[in-house]
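Let's take a friendly walk through a protein structure. Keep the picture at hand and look up each residue as we come to it.

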Amino acid sequence: MASAIRRIAVLTSGGDAPGMNAAVRAVVRCAVAQGMTVVGVRNGFAGLVAGEFTPLTVRSVGGIMQQGGTVLGSARCPEFATEPVQRAALEQLAAQGIEGLVVIGGNGSQQGSAALARHGFPVVGVASTIDNDLAGTDITIGATTALDVALEAIDRLRATASAMHRAFLVEVMGRKCGYLALMAALAGGAEAVVLPEFPVEPEDVARALQEAQMRGKSHAIVVVAEGAPYNATAIAEHFRVHRDRLGFEVRVTILGHVQRGAAPNAFDRILASQLGAAAADTLARGEHGVLIGLRQGRVSATPLHEIAGVQKPLDPALYRLVQVLAM
């Protein structure tokens, strides 16, 4: 059955995440299969306000699923929080004859989606961020690939740490959410983890490393979330200043944006395909104002007003498990 909506747009917003291109591909092909035409918006909400539109066809999205980044481009647009900028975006959508919008992005992006939905425009969000901090979904597009990148780096650093009998601080991305750091610490067998959700002092890190040394460990890995009150650089400076008392120093590796640009792994390609297809199907049914995510293994829809601006909490049991397994 053909969709009542004839023309939709899709954009990728905020930090890029591996799998965004697979989601764009799924949106386009599933929308076209239901009789809709699709327009791409370049450079996120900023491009939407500026009127940066490009037609998308089933052929134009061929060969993009395995690519990292986003072929549509992305940008952060804090100005979109203001009503005049939102109305400018709505005017651009109306001028293009666009009747629905798919927003692929994370927490900040879905706040933009919720704002347009409050104006009555049909919007469907797709959960995509390496931070995995978005409420309404158990996992977001890009998170598992970014975790794989962090884990590969940790494994390599552990080999060097073992050979040289050193301690390494490995800082991973995640803004104010410690999901990537926690999971990387758990999967990488870290001796300690530093998270925004469970703040620790540099002395606590020193104590953990000293205790590991007393248990016979000759090297150590500490995973640090970039948004923790003390990041890796600050902790390393504490060790440098107090080297005589603490008895050793630490080396710092900051992974940074290398976690974003990897080719999406199989899980992220499959997840993005499922969520992108569900977004197109949702608009085709005349439903909107929801975030498409994955909950308990099933594709689900959660009202945007319930999740916008809400950070998903970490499981404290996993934090305790890292500490127990560090013995």
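We begin with a pair of charged side chains: Glu99 and Arg6 meet in a salt bridge, with 3.2 Å from N to O. This pair ties together distant parts of the chain, since the two residues are 93 residues apart. Glu99 sits in the loop between helix 3 (83-95) and strand 4 (100-105), while Arg6 belongs to the segment before strand 1 (7-12). Before going further, please keep in mind that this is a predicted model.

How open to the outside are the two partners? Glu99 has a relative accessible area of 24%, so Glu99 is partly exposed. Arg6 reaches 58% and therefore counts as exposed.

How many salt bridges does a search of the whole structure find? The search gives 12 salt bridges. Two of the pairs are found within helices. In helix 5, Glu152 and Arg156 are four residues apart, which is about one turn of the helix. Their closest N and O atoms are 2.7 Å apart. Glu152 has 42% relative accessibility, so Glu152 is partly exposed, whereas Arg156 is exposed because its relative accessible area is 58%.

Helix 7 (residues 202-214) holds another such pair, Asp204 and Arg207, three residues apart and again about one turn of the helix. Here the closest N and O atoms are 2.9 Å apart. Both residues are partly exposed: Asp204 has a relative accessible area of 30%, and Arg207 has 40% relative accessibility.

| Salt bridge | N to O distance |
|---|---|
| Glu99 and Arg6 | 3.2 Å |
| Glu152 and Arg156 | 2.7 Å |
| Asp204 and Arg207 | 2.9 Å |

Salt bridges can also join up into a network, as they do for Asp131, Asp133 and Arg175.

**The largest pocket**

Now let's look for empty space. Rolling a probe the size of a water molecule over the atoms shows where such space is left. The largest pocket contains about 420 Å³ of space. Which residues lie nearest its centre? They are Ser13, Cys77, Asn107, Gly108 and Ser109, out of the 26 residues that line the largest pocket.

Helix 4 (residues 107-118) gives the largest share of this lining, with seven residues. What kinds of residues make up the lining of the largest pocket? There are 13 polar, eight nonpolar and five charged residues.

**A nonpolar patch on the surface**

Leu321, Val324, Leu325 and Met327 make a nonpolar surface patch of about 410 Å². One of them, Leu325, has its place in helix 12 (residues 316-325). Is Leu325 buried or exposed? Its relative accessibility is 55%, and the cut-off for exposed is over 50%, so Leu325 counts as exposed.

**Two loop residues with positive phi**

Backbone angles are worth a look too. Phi of His165 is near 55°, a positive value in a residue other than glycine. His165 is found in the loop between helix 5 (143-164) and strand 6 (167-172), and with a relative accessible area of 56% His165 is exposed.

Gln296 also has a positive phi, near 50°, and is likewise a residue other than glycine. Its place is the loop between strand 10 (290-295) and strand 11 (298-303). With a relative accessible area of 77%, Gln296 is exposed.

**Distances across the fold**

To finish, compare positions along the chain with positions in space. Gly216 lies in the loop between helix 7 and strand 8 (220-225), and is exposed with a relative accessible area of 62%. From Gly216 to Val170 there are 46 residues in sequence and 22 Å in space, C-alpha to C-alpha.

Arg285 is in the loop between helix 10 (266-284) and strand 10. Its relative accessible area is 52%, so Arg285 is exposed. Arg285 and Leu314 are 29 residues apart along the chain, and 34 Å separates their C-alpha atoms.

Key. Residues numbered from 1 in each chain as written. Predicted model: local features only at pLDDT ≥ 70, side-chain atom pairs only at ≥ 80, totals over all residues. Heavy atoms only, no water. 1 Å grid on protein atoms, 1.4 Å probe; cavity = no way out; pocket = protein on both sides within 12 Å on 5 of 7 lines; lining within 4 Å. Points joined across faces, edges and corners; volume = space filled by probe spheres on them. Nonpolar A, V, L, I, M, F, W, Y, C, P; charged D, E, K, R; others polar. Patch = residues over 30% accessible without salt bridge, like charges linked within 9 Å, V, L, I, M, F, W, Y side chains within 5 Å. Areas by Shrake-Rupley, 256 points an atom, 1.4 Å probe, with all protein chains shown as cover. Salt bridge = Lys/Arg side-chain N within 4 Å of Asp/Glu carboxyl O. Buried < 20%, exposed > 50% of the residue type's maximum accessible area, 1.4 Å probe, protein only.
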